[in-house]
Amino acid sequence: MSEHGHDHDHSRTVKPMVDEITDFEVLEIALRELCIEKGLFTAEDHRLFTEYAEHIGPTPGARLVAKAWLDPDFKELAISDAVAAAKEVGIDWLEPTGFGTPSDFVAFKILADTPTVHNVIVCALCSCYPRPILGNSPEWYRTPNYRRRIVRWPRQVLSEFGLQLPDDVEVRVEDSNQKHRFMVMPMRPEGTDGWTEDQLTEIITRDCLIGVALPRPGITTNVTPLVRAAIRPIEA
Amino acid sequence: MTDAAERAQQLALVSRLKTIFPEVPEWPTPDMITHDHYLAYMKTSHDVGGELDYPHPYENKEEEQWELMTYVLCEVLGMRGIWVSEERRRLANVDVGRAIYLGLPYYSRWLWSVGRLLMEKKHISWGELTDRLAEVQARYAGGLNGQRPKAEPKFEGDGSGVSRNKHHLEAAGVGDPQCFAGQAGVAKFNVGDKVKVRDLPAMFYTRTPEYCRGAEGTIAEVTYESPAPEDEAWDREDAESEWFYIVRFNQAELWDNYTGPKNDTLQTEIPERWLEAVG
């Protein structure tokens, strides 16, 4: 059969694929329309928050840590007043509502690793995460699996991320289950002498800021791959 | 569903969705329920820390547009004083029950909670929701044909008569929990104090994990004043603030047969009502 003939045959026998709206999309649209019609919020409120949500991500968190590695005074500020330190990398914790994002609160703490303490964060109850400075959490962080296991078998879970820690390093799990949000400040790795803030920022991945990885020269990507594509992903 | 065969097929599917202990029959009589089974059913479904599970690959996913829109929807409702985020957490993570909690995607529960909130606070009626769902479904009955689904409100409502919380005004310019500072009096505990987490018969909602109830720890930090989530989850603006503490637990004491070194620790934040002095 010729190419042309095959195409012709195909088009007659195969039902065209219908890209149907999903149940979740129907519900989201219905609820949003009703909220706006009832005056609970305006379309402009929604647009402004969307703009905010589209622009959050882990880069400011990485930059904050890089700055702290280079400047001991800034490191002290980061540990004693993380909200003030965040402002120095462009994150105003009161944005975008004037009282912060309703789900994150204005209570942010940076957990500095030391030669004898390694911190790792979780929210065993939901997915509390420092969104303003790290963006939305990765899917695995939200799963019951991570939340069930990291609090009880932290070393086993960390080893599944490829992170083995010696016994003389205390593993400290921070279960952020109330209003505080946490971010880990790992130690500056060897082999980075003379590096600029930009260079350092690149190796401080999101996974390092959660505490499931340590920064290493040459590693600029997360341990966890992106494996599942969305049906209709976030519009660029 | 259009005919008897389709209805039967859906009933057969639902019959396979199980959420009970396999050793006890469905619809048990009172004498069949032991105290530990009762506690398991009453446990708030979001509290999973320490439950048994096996290693599973940790992977990330791309977010759907509706997932981002759901996050924004929930936050804008908070921004305009329709709820505080603790109400969302109760509705989306606990009130859904175990089947939906474990069976549906993360943000679909956020979405579910918005529908539930709007109904319970009488912002919309069942009829309004149902009609709108049918209408949106019908709008896209022929498929999306490569288009993105779009919200098309018929008009912008006048929100001046809408009932809103005081919180979104009181927190403006200072933040939450800053807006509650100075309300709880003197903190009962100080850094270094030994405390025990009370084993309270908590029903319906709490954020004090079951895994630390009855356990002893040390106050690592006195953090802030705020109403407890057990009150905020129910929109109790009359609730009094209390002190919160970060409590440090030794892992080897917290867990039976902890396999790591003796100096590993876990910290979690707990409101004062859940703590009692030790010694």
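The following conversation looks at a predicted model and at the reasons behind some of the terms used for it.

Trainee: What makes β2(A) and β3(A) count as paired strands?

Mentor: Two strands pair if there are at least two bridges between them, and β2(A) and strand β3 (residues 170-175) of chain A have 6 bridges in the parallel sense, so they are called paired. Within this pairing, A:N119 stands opposite A:R172 in β3(A).

Trainee: Why are β2 of chain A and β6 of chain B called edge strands?

Mentor: The open sheet has 7 strands in the order β2(A)-β3(A)-β5(B)-β4(B)-β3(B)-β2(B)-β6(B), with mixed pairing. The strands β2 (117-122) of chain A and β6 (275-277) of chain B each pair on one side only, and these are the edge strands. From one strand to the next, the twist averages 35°.

Trainee: How do you know that β5(A) pairs with β1 of chain B?

Mentor: The cut-off is at least two bridges, and β5(A) and strand β1 (residues 60-61) of chain B have 2 bridges in the parallel sense, so the pair meets that cut-off. Here A:R228 stands opposite B:K61 in β1(B).

Trainee: What makes a residue part of the contact, and how many residues does each chain give?

Mentor: Two residues are in contact if their C-beta atoms lie within 7 Å, and the contact takes 82 residues from chain A and 91 residues from chain B. On the side of chain A that touches chain B, α2(A) gives the most, with 13 residues, and by class that side has 42 nonpolar, 14 polar and 26 charged residues.

Notes:
Residues are numbered from 1 along each chain as its sequence is written. Chains are lettered from A and ligands numbered from 1 in the order in which they are written. This is a predicted model: local features need pLDDT of at least 70, side-chain atom pairs count only at pLDDT 80 or more; totals for chains, interfaces and linings use all residues. Helices (H or I, at least four residues) and strands (E, at least two) are DSSP runs, numbered from the N terminus. Axes are lines fitted to C-alpha atoms, for helices over the stretch in contact, and angles run from 0 to 180 degrees between N-to-C directions. Ala, Val, Leu, Ile, Met, Phe, Trp, Tyr, Cys and Pro count as nonpolar, Asp, Glu, Lys and Arg as charged, and the others, Gly among them, as polar.
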